[in-house]
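Please read them with the coordinates open beside you.

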Amino acid sequence: MLLSRTPVLALMASAGLALLSACGASETPAQQPAPAEEPEVQAEAAGEEHAEDAQAHESEAKADDHDHDHDHGSSGAGAAHVHGAAELALSWEGSKLTGELISPLANFGLSEAEGVISDAVLAELPGLVMITGGNCTAEPPVAKVDKSTGHTDAHIKLSWTCANPPGVSSLTFSGFPAFSSFERVNAIYLTDTVQKAGELSPSSPSLSLK
Ligand SMILES: [Zn+2]
């Protein structure tokens, strides 16, 4: 049983788990009753495994071009930087509907190390969030890169001028098909009288604003 778990454990880049898997592997051949030698074999195996793991981990981190532990909460204000997730907030300034989408750059398939929003992605931004009802006209989104949290996020300012603000009925995050790394968008809509919040997903990309 331990033997069958070994490949999974070996894949996990953790010294503790690597040690476990090494021990499990060397214990399994029960037909070799050589208890005196076993501790030595275990120690060697564990050492080797650890070194290999450290190497694998290093190249993995490079390929990913930023460290992996940024998914565990955030320091300071704002939402956690979690790949696949994004935050969208909308509110009114007079007859203008304004919003901001904050998303890890990785969700757009972009390198967080380079921290540049490509022209191809910029071209997709005008259709990223759609407003239904209210006879609204979108203004060009304004995107910038924020590295101040130690992660790389895109901050995209959105705005619409609406001829009939009370007619606004829903928002839709339309970016899921174009950017498959987006898994969910936490959307919030706040007015003086209405508060709406919802998790948008590829199968449910809209939030009612009524
Ligand atoms: Zn990241």
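1. The sulfur atoms of C136 and C162 lie 2.1 Å apart, and the two residues form a disulfide; please keep in mind throughout that this is a predicted model. The count comes to 1 disulfide. The link joins distant parts of the chain, since C136 belongs to strand β4 (residues 136-138) and C162 to strand β6 (residues 153-162), 26 residues apart. With 110° about the S-S bond, the link of C136 and C162 is right-handed.

2. Are the two cysteines buried or exposed? C136 has a relative accessible area of 23% and is therefore partly exposed, whereas C162, at 4% relative accessibility, counts as buried.

3. Turning to the aromatic residues, the structure holds 5 aromatic pairs. One of them is formed by F108 and F182, whose rings are arranged edge-to-face, at 5.0 Å centre to centre and with 80° between the planes. F108 lies in the loop between β2 (96-104) and α4 (119-124), while F182 lies in the loop between β7 (170-173) and β8 (184-190), so the pair ties together parts that are 74 residues apart in sequence. Both F108 and F182 are buried. Ring pairs also link F108 and F182 with F173, F176 and F179 into a cluster.

4. The largest nonpolar core has 31 residues, and those touching the most other members are L88, L101, F108, L128, F173 and V185. At least two residues of this core come from each of β1 (85-93), β2, β3 (129-132), β6, β7 and β8, and β6 gives the most, with 5 residues. As a general point, nonpolar side chains in soluble globular proteins tend to be buried together.

5. The residue I would ask you to inspect is E112, found in the loop between β2 and α4. E112 is buried yet has no salt bridge, and the nearest side chain of opposite charge, that of K147, is 9.0 Å away; a salt bridge would require the charged atoms to lie within 4 Å.

Methods:
Residues numbered from 1 in each chain as written. Predicted model: local features only at pLDDT ≥ 70, side-chain atom pairs only at ≥ 80, totals over all residues. Heavy atoms only, no water. Phe/Tyr/Trp six-rings, centres within 6.5 Å; stacked < 30°, edge-to-face > 60°. Helix = DSSP H or I, 4+ residues; strand = E, 2+ residues; numbered from the N terminus. Buried < 20%, exposed > 50% of the residue type's maximum accessible area, 1.4 Å probe, protein only. Lys, Arg positive; Asp, Glu negative; His and termini not counted. Disulfide = S-S within 2.5 Å. Core = buried A, V, L, I, M, F, W, Y, C linked by side-chain atoms within 4.5 Å.
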